[in-house]
Amino acid sequence: MEKQKEMIRVEKLNKYFGDLHVLKDINLTVGESDVVVLIGASGSGKSTLLRCLNFLEIKTSGTIQIEEETVEPTKTNLNKIRQRVGMVFQHFNLFPHKTVLQNVIEGPIQVNKVPKATAIQEGKELLEKVGLSDKANVYPSKLSGGQKQRVAIARSLAMKPDIMLFDEPTSALDPELVGEVLTTMKELANEGMTMVVVTHEMGFAREVGDWVVYMHDGKIIEYGKPNELFDQPKEERTQEFLGSIL
Amino acid sequence: MFEDFISYFGHLWQTFIDSKWLFLEATLLTLKLTAISIFIAIFIGLLFALLKITKIKLFVWLANTYIFVVRGTPLIVQIFIFYYGLSYGPLQISGFWSAVLGLAFHNGAYIAEIFRGSIQSIGNGQTEAGRSIGMTSWQTMKRIVLPQAFRRALPPLGNQFIIGLKDSSLAAFVGLAEIFNVSTTMGSNTFDFMTWLLISAIYYLLLVFLLTLLVSYTEKKLAVSD
């Protein structure tokens, strides 16, 4: 079998906020087309880990490789890296002064210098993909939370990233809107997108995840296939966590 | 008593009508002073607001010092410093430009604080979203943060524009024939001060009214995304 390409490799990653040690010697590898789901209680460091992968947070020590290239925040052009690593936020962070389509084409036009007509064409295709063709010229304030998040996904995809990071993409949604966002993410996973997802949706983790990572107190406690980790957790703390949420 | 009032208003109205060509010129000068000085003030304000949020010590100190000095001294003193002060050096500037520069530097300090506040009121999530699609920090500022910040700044900016318009009357003291100067000159020529002052007040009221309309029209236009 052909060796799977390493999309992300994290070694001995540490992150401090002042005196607070939020990530402790994290090691993590994400292969091409893998969906890795990070689970754990609030404050366990999973969002910080995700943000370090996009360099919205800068690591204190350790190494991060993106597509087999070591990224040193002081030396590497992070804007170039971020073009390949898309990010979807808990609170969508759509640009409220731009229409749905303008949100989607902003990156391609401003960053990738794609001609406007091409960007619009591709933007419309992406909106169709996330089921929002009819909302192209609407402002975000007119959308439901689920629709906003699907636009945010389309906005990230417009940059044609190799990796997508999701930071609790459904946590700010009303329960009835969670499904539509998860469906979009599932389609993306089926197309072979490499994804790292922080979520509390255990159903999604089990069904879509290739790997599940349980974090506690800034450390990775357990790592495994979803059925192993959910059905036969080895670590006591994983058992406690799963027991408390299921 | 009542008839006296009526006859005075008749006189006021007649004087107002008769002097319209005189004041047309003065009004145009007032508008020119205000428009140019506010235009420059917006750029000064934006520049110092951006300096202040860089968190680079020298820049922040520069911006704070500018705001401290300008806010702490009267506008008329600033205009006079431009007018008399610069005439000592090789630069001889006209009354018009000393008033424009005085007004621009003065309003710029207040506008800097307005912009700084509105920029900082735009959530960090917007910056992160911009950076996450690979935009540079300047692209994110220009395309994402500033347009939203400008919209939020409009109501207090409109206020500052009104203050700037009325403060342009101080240009009378460096010899500009704007509205206030014309009215006081006519007052001393005719010994009918009150009538001419009231007429100048009417012109200022009208101009402020028009400016208010313009600002609220712009606010509505920018509110399409709500």
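A pocket, on a 1 Å grid over the protein atoms alone, is an open set of points with protein on both sides within 12 Å along at least five of seven lines, a cavity is a set of points where a 1.4 Å probe fits but cannot get out, and lining residues have an atom within 4 Å of a point. The second largest pocket of this predicted model is lined by 17 residues, of which Leu94(A), Pro96(A), His97(A), Gln148(B) and Arg152(B) lie nearest its centre.

Local features need pLDDT of at least 70 and side-chain atom pairs count only at pLDDT 80 or more, while totals for chains, interfaces and linings use all residues; side-chain values use heavy atoms, with hydrogens and water left out. Residues are numbered from 1 along each chain as its sequence is written, and chains are lettered from A and ligands numbered from 1 in the order in which they are written.

**The interface**

Contact, defined as heavy atoms within 4.5 Å, joins 25 residues of chain A to 19 residues of chain B. The size of an interface is often given as the accessible area lost when the parts come together. Here the buried area (accessible area, 1.4 Å probe, lost on being put together and summed over both parts) is about 1,900 Å², with 53% of it on carbon and sulfur atoms. On the side of chain A, Asn79(A), Phe95(A) and His97(A) lose the most area to chain B, together 24% of what that side buries.

A salt bridge is a side-chain nitrogen of Lys or Arg within 4 Å of a carboxyl oxygen of Asp or Glu. Between chain A and chain B there are 2 salt bridges. Arg51(A) forms a salt bridge with Glu128(B), with the closest N and O atoms 2.6 Å apart. Polar contacts are pairs of N or O atoms within 3.5 Å; within protein, one atom must be able to donate a hydrogen and the other to accept it, and residues adjacent in sequence count only if both atoms are side-chain atoms. Across the interface, 9 residue pairs are in polar contact, both residues at pLDDT 80 or more.

Helices (H or I, at least four residues) and strands (E, at least two) are DSSP runs numbered from the N terminus. Helix H2 (78-84), strand E6 (85-88) and helix H3 (100-110) of chain A each supply at least two residues of the side that touches chain B.

**Salt bridges over all chains**

The count over all chains comes to 20 salt bridges. In one of these, Glu67(A) pairs with Lys5(A), the closest N and O atoms being 3.1 Å apart. This pair links distant parts of the chain, 62 residues apart: Glu67(A) is in the loop between strand E4 (61-66) and strand E5 (69-70), and Lys5(A) is in the segment before strand E1 (6-17).

**Pockets and cavity**

For volumes, grid points are joined across faces, edges and corners, and the space filled by probe spheres set on the points is taken.

| Space | Volume | Largest share of lining |
|---|---|---|
| Largest pocket | about 450 Å³ | H7(B), 5 residues |
| Second largest pocket | about 340 Å³ | H7(B), 3 residues |
| Largest cavity | about 40 Å³ | H4(A), 4 residues |

The largest pocket has 18 lining residues, and the closest to its centre are Ile53(B), Lys55(B), Ile119(B), Thr127(B) and Met141(B). The model has 1 cavity of 30 Å³ or more. Among the residues that line the largest cavity are Val104(A), Ile105(A) and Ala158(A).

Key:
Buried area = accessible area lost by both parts, 1.4 Å probe.
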